[in-house]
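Hi everyone, thanks for coming. Today I'd like to walk you through a structure that may be new to you, so please have a look at the screen.

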Amino acid sequence: MSNPHEKEVEQYHSQPTKSSLNWVPNKWRRLSLKHVGSSSGVPKTSRDDVTNIPKDGDSTVPVDDTSKVHMEDVPVNNESRSLSKDAIEFYNNGDAPFCYSRILGINKLHTQFWGVLLGYLNDGRLSSIHIEGWVRRMMFIRGANKRTNPDVEIDWTILPPQFHSEMYDYTTKYGSEYANGLNELYPPFWEVQYIYIPIYVQAIEDWLLVQINLCTMELTQYWSNHKYSKHYGSLIHNGVLQKFDMFFDRLLDAVSYWRRVIHGPYKPQKKGYLKTGNINDDYLPKNGGGLGKDSGVFLCMLMYKLVHKKAFTVEKGIEERCMKFRHVMADQFYKTRFFPDE
C-alpha cells in the first residue's frame, strides 16, 4: 500500500542556498562571540524549552515584531568576516561554542549536534533533536504553503518524536496538544487524513516511522531494517507500540475527533478502533540488511518523500544519498541561525 509514485527527482523543496546567512536582515545581526575552536568534547546538545513556535511558519521568513528576538545593528562587513559560512565550517572552526537555529528555537546547538548530523561524531546516528528539527522544518513549509494557498488541501501532518512517549503519560492528556489544533505548528486531526510519527526503538537503536490513515483507522509501519520488519511482533508488543491503539483511541475521544471530523475534508469510513498490524516494505533496503547509522537520515528522507508523494528507491547508492541529505539538513538548520541577547 504505497503512495502514488512520480518520476524520481533528486531535489528537495528545502534546497540549500549559496550563502547560508544572506537572508538575515541587517538589523538582526550582531558581532559574533569570541572564536572557539571545535572539539569532540563539546557538551551534548541541550534540550531547552522549544515551545515558542515562530508565528511565521516558514523558517526562511523573518518573524513578526511580537515574536522575534532583539538583535543589535552592526555593519554587514564586520559580521561576514567573523561568522562561519556554513555548518561544516562551524563544526571545523566554529566562531562560537554553540549557535541557535530558529527551527529549533532556543536549543543550544553545540559542535556535537553538527558533528553527528554531518556524520563525523557518534557514528552519525541522529538523536531525537535532529529528527524533531526536521519535522519542524517540514511543518514550517507546510504552514507557509497553506497560507499561500489556503484553498489547497494538505492531507498530512507529522508529529515530533516525543508524541509517542507522551501518549503514555497521563499528565499530558494523551498528547492532545498535538491533536486539537491549539499548537499552530500542528493542524487538528480532523483536517488531515494521514498522520506520520517517528519513533525511536531503543532496543535496536533504530528508527521506525508509522503512518496512521484516519479514514481507514489503519496504522502502517515503515522500517529501515528488513529483519526487524519481519519480526515486528515481538518489538511491537514489548514496549514500542504496546497499547498504542488503546491510547490513540482515547486521544481521539479526548479531542472530540468523531464529532468534529464531520466538518472536515477527510471523513472516516466509519467510527472504528485503530488497527496496528500493517507493514509497508516498499522502501526497505533490497539487500535485506539494515541502514545502521543512517537509519535516522533515511527516516527524514522517507518522511519527505511520502508526504510529497514522490518516488523513492533504495536499491543503489543509499549511503551516498544519505550523506547528501545530511548536508541538506545541516544547511537548513544553519541558514536559520539567529543571535538572542545574552
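I'll start with the whole chain and then visit a few places in it.

One thing to keep in mind is that this is a predicted model. The protein has 342 residues, and 53% of them count as buried. Its secondary structure consists of 11 helices and eight strands. How far apart in sequence are the residues that touch? If we take contacts between residues at least 6 apart, 74% of them join residues at least 24 apart.

Let's go to the strands. Strand β4 covers residues 194-201, and seven of its eight residues are buried. Which strands does β4 join? On the one hand, three bridges link β4 to strand β3, residues 156-158, and these two run parallel. In that pairing you can find W156 opposite Y194 of β4. On the other hand, β4 is joined to strand β5, residues 206-213, by eight bridges, this time antiparallel. Here I199 faces L208 in β5. β4 and β5 make a hairpin, with four residues between them. If you look in the turn, E205 has a positive phi of about 50°.

There is also an open sheet of three strands, in the order β2-β1-β8, and its pairing is antiparallel. Its edges are β2, at 109-110, and β8, at 337-338, each of which pairs on one side only. Strand β1, residues 98-101, is joined to β8 over two bridges, and Y100 stands opposite F338 of β8.

Now for a pair of helices. Two packed helices are described by the angle between their axes and the distance between those axes. For helix α4, residues 128-148, and helix α11, residues 318-334, the axes come within 11 Å and cross at roughly 70°. The two helices are therefore roughly perpendicular to each other. On the α4 side, the contact is made by H130, G133, W134 and R137. From α11 come F325, V328, M329, Q332 and F333.

Is Q221 buried or exposed? Its relative accessibility is 0%, so Q221 counts as buried. What does the side chain of Q221 reach? It reaches the backbone oxygen of T276, at 3.0 Å.

That's my tour, and I'm happy to take questions.

Methods:
Residues are numbered from 1 along each chain as its sequence is written. This is a predicted model: local features need pLDDT of at least 70, side-chain atom pairs count only at pLDDT 80 or more; totals for chains, interfaces and linings use all residues. Side-chain values use heavy atoms; hydrogens and water are left out. Buried means under 20% relative accessible area, exposed over 50%, partly exposed in between (1.4 Å probe, protein chains only). Contact means heavy atoms within 4.5 Å. A polar contact is a pair of N or O atoms within 3.5 Å; within protein, one must be able to donate a hydrogen and the other to accept it, and residues adjacent in sequence count only if both atoms are side-chain atoms. Two strands pair if DSSP finds at least two bridges between them. Axes are lines fitted to C-alpha atoms, for helices over the stretch in contact, and angles run from 0 to 180 degrees between N-to-C directions. Angles under 35 degrees count as roughly parallel, over 145 as roughly antiparallel, 65 to 115 as roughly perpendicular and the rest as oblique.
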